[in-house]
Amino acid sequence: MGQLLESYQDEIYLTGLTGTMPDLPTDLHQLEEAARAVMAPRAFDYVAGAAGSGETAQENLRAFRRWRVVPRMLTDVSTPSYSARLLGTDLPVPYLLAPIGVLSLAHPDGELAVARAATAAGVPMILSTMATSTMEDVAAANGDGQRWFQLYWPKDRGVAASLLGRAQAAGYRVLVVTLDTRTLGWRPRDLDRAYLPFLQGIGIQNYLSDPAFQAGQVSSVEDDPQTAILRYTQMFGDLSLTWDDIPFLQEHWHGPIVLKGILSVADAHRACQAGVAGIVVSNHGGRQVDGAIAALDALPAIAQAVGTKLAVLFDSGIRGGADMIKALALGAQAVLVGRPYAYGLALGGQAGVRHVLRALRNDFELTMRLAGLATLSELGPDCLQRRP
Ligand SMILES: Cc1cc2nc3c(=O)[nH]c(=O)nc-3n(C[C@H](O)[C@H](O)[C@H](O)COP(=O)(O)O)c2cc1C
């Protein structure tokens, strides 16, 4: 069965006849520079910044250039089908919105605007623990959209369980547990500005609104916000967590669990043994381990090792349709879009996120068709060639 492809391209050319140009760049690589012009410098640095030298963040993008698509001619791509179903979630094309914290830094409507744009586009969003609106408010904005919840696992198990309970009650269907951020990486662009939004109470709304967190406060959060912020900092990240702790999540989450931040085959095997439903091959956009391998370079071996047993998702460096094709061909079942939508949000609020989702989708669909690929199942390593 084919599907009606949405043609943003047609719309852009047709409205161009009346002199209307797109508000935002259609090459998503250009969003970063465009966003720099509208964002407060420290907010921009927080989003664009990376760990240490920034080498891994750059390497994420370079890794895509080491692969080239090999287009095939004269295959019937008149009725293509690029939709997918992953862990009970429908994807119009195999992408989701990555969990990105503190989105009010990009736009006052923050996660609420993203949630609305996601529902309108039929794209699932993964809400970060570090959102600037509560998960319940984001769920309300997301309406009948599909939503997953990302957990940064706090030291306090009562608060962890409470966050998980709230997320399930608010309709988040899949739990994404981020393993690579048990503490924050060394981020010079934030350090040089001595800027960490959480210390100003920005991005900890899920904590401040949490009954288990509040129960540990002597004074209320409203009466004594500083103490609440300090308690949050003491609770964030647990460096003692090991694979033996995964059953705690399974006890408190009654749905699929996905582990984010896997970069080695050995850890992918551990994830299988732990009995989770999926993994995200990711280096957090180069924000954690400076010098870490590019996420795309980690993907093929991991997908080969566990791809039939686990859902394998990918992020870190997706900037266009060809990037999606490369990640899917190397074994990912879906990709997460990260920084581009944060920049879209900064540039145009909900409409900016919509632009990014439409541009990426249409670029992906067109490039698939032009490469002669009518279905996702045709994607495989033989669609690519590695540059010497
Ligand atoms: C500003 C910013 C905040 C982020 N916050 C989170 C977060 O709260 N939780 C999480 O799991 N990942 C977070 N990430 C990582 C993203 O989910 C994703 O792994 C990363 O953006 C992928 O790299 P890319 O954006 O360069 O493609 C964040 C990334 C950025 C840029």
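Begin by selecting W153 and F248, both of which are buried in this predicted model. How far apart are the centres of the rings of W153 and F248, and at what angle are their planes? The centres are 5.9 Å apart and the planes are at 25°; planes under 30 degrees apart count as stacked, so this pair is stacked. Next, colour the elements that hold these residues. W153 lies in the loop between β6 and α7, whereas F248 belongs to helix α12, so the pair ties together parts that are 95 residues apart in sequence.

R157 lies over the face of F248, 4.6 Å from the ring centre.

Now select Y152 and F236. Are Y152 and F236 buried or exposed? Both are buried. Their rings form an edge-to-face aromatic pair, with 5.5 Å from centre to centre and 75° between the planes. Y152 is found in the loop between β6 (147-151) and α7 (157-169), and F236 in the loop between α11 (225-235) and α12 (246-252); the pair therefore ties together parts that are 84 residues apart in sequence.

The charged end of R231 sits over the ring of F213, 4.3 Å from its centre.

Finally, display every aromatic side chain. How many aromatic pairs does the structure hold? It holds eleven.

Methods
Residues are numbered from 1 along each chain as its sequence is written. This is a predicted model: local features need pLDDT of at least 70, side-chain atom pairs count only at pLDDT 80 or more; totals for chains, interfaces and linings use all residues. Side-chain values use heavy atoms; hydrogens and water are left out. Rings of Phe, Tyr and Trp (its six-membered ring) pair if their centres lie within 6.5 Å; planes under 30 degrees apart count as stacked, over 60 as edge-to-face and the rest as tilted. Helices (H or I, at least four residues) and strands (E, at least two) are DSSP runs, numbered from the N terminus. Buried means under 20% relative accessible area, exposed over 50%, partly exposed in between (1.4 Å probe, protein chains only). A charge sits over a ring if NZ of Lys or CZ of Arg is within 6 Å of the ring centre and within 35 degrees of the ring normal.
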